[in-house]
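Subject: Structure handover

Hello,

Here is the structure I promised. Please open it next to this note; what I found follows below.

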Amino acid sequence: MNKLPKVIAMTFVSATLALGSAQIWAAGTHGNGGHGQGGQSKIGVAGKTADVTRTIEIKMGDNFYEPESITVKKGETIRFTVKNAGEFVHEFNIGTTAMHAAHQSEMMTMMEHGILQADKINHAMMKMDMGGGKTMEHNDPNSILLEPGKSGDVVWKFSDASKIEFACNVPGHYDAGMMGHVRFN
Ligand SMILES: [Cu+2]
């Protein structure tokens, strides 16, 4: 007797989630190969560990980076060792201003669905198949999303001197100043 409303409620949740996901994919930046596809050639390519010539430590706080900006050479492959020393989830993402803006709206949708929370990530929901094998997992080579206390690496080869920023696209953080410039020398 009371099973029916439960089924309806669950169906509604799934449908809503699927709709939200469709909107995420329509934005076209997650999926085959990651954030800002098409934009990646401008900012560089995933680096090979064997090509790393320098390691830069990045500390993430609420809501800032240390250091505030980085200087690289064109063609240089850098290993970023990123640590989230804050109390909220933060991201280290290499991209253009436009790539970050697109990702911010995706992350807003993830937060609305509870996949991303202020201080934790719902890993099970992140791994859910949204159709066609697509998930919302953040395993793109140009970014890392970390819960408080967690660390991880990003290995990136900078191939062009176009305007690049590293930024956190968790809702509100970029606007609070959690971004820095990549300078070329
Ligand atoms: Cu952040």
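Which residue is the bridge partner of Val82 in strand 8? It is Gly152.

First, the ground rules. This is a predicted model, in which local features need pLDDT of at least 70, side-chain atom pairs count only at pLDDT 80 or more, and totals for chains, interfaces and linings use all residues. Residues are numbered from 1 along each chain as its sequence is written.

Now the overall layout. The chain has 4 helices and 10 strands. Both are DSSP runs numbered from the N terminus: helices are H or I with at least four residues, strands are E with at least two. Along the sequence the pattern reads α-α-β-β-β-β-β-β-α-α-β-β-β-β.

Strands count as paired if DSSP finds at least two bridges between them.

The pairings, one by one:

- Strand 5 and strand 8 (residues 151-157) run antiparallel, joined by 7 bridges.
- Strand 2 (residues 54-61) runs parallel to strand 5 (residues 77-84), with 7 bridges. Lys59 sits opposite Lys83 of strand 5.
- Strand 2 and strand 3 are antiparallel, with 3 bridges. Met60 faces Tyr65 of strand 3.

Last, burial. Of the 185 residues in the chain, 32% are buried (20 or more other C-beta atoms within 10 Å of the residue's own, with C-beta atoms placed from the backbone).

Best wishes

Definitions and conventions:
A residue is buried if 20 or more other C-beta atoms lie within 10 Å of its own, exposed if 12 or fewer, and partly exposed in between; C-beta atoms are placed from the backbone.
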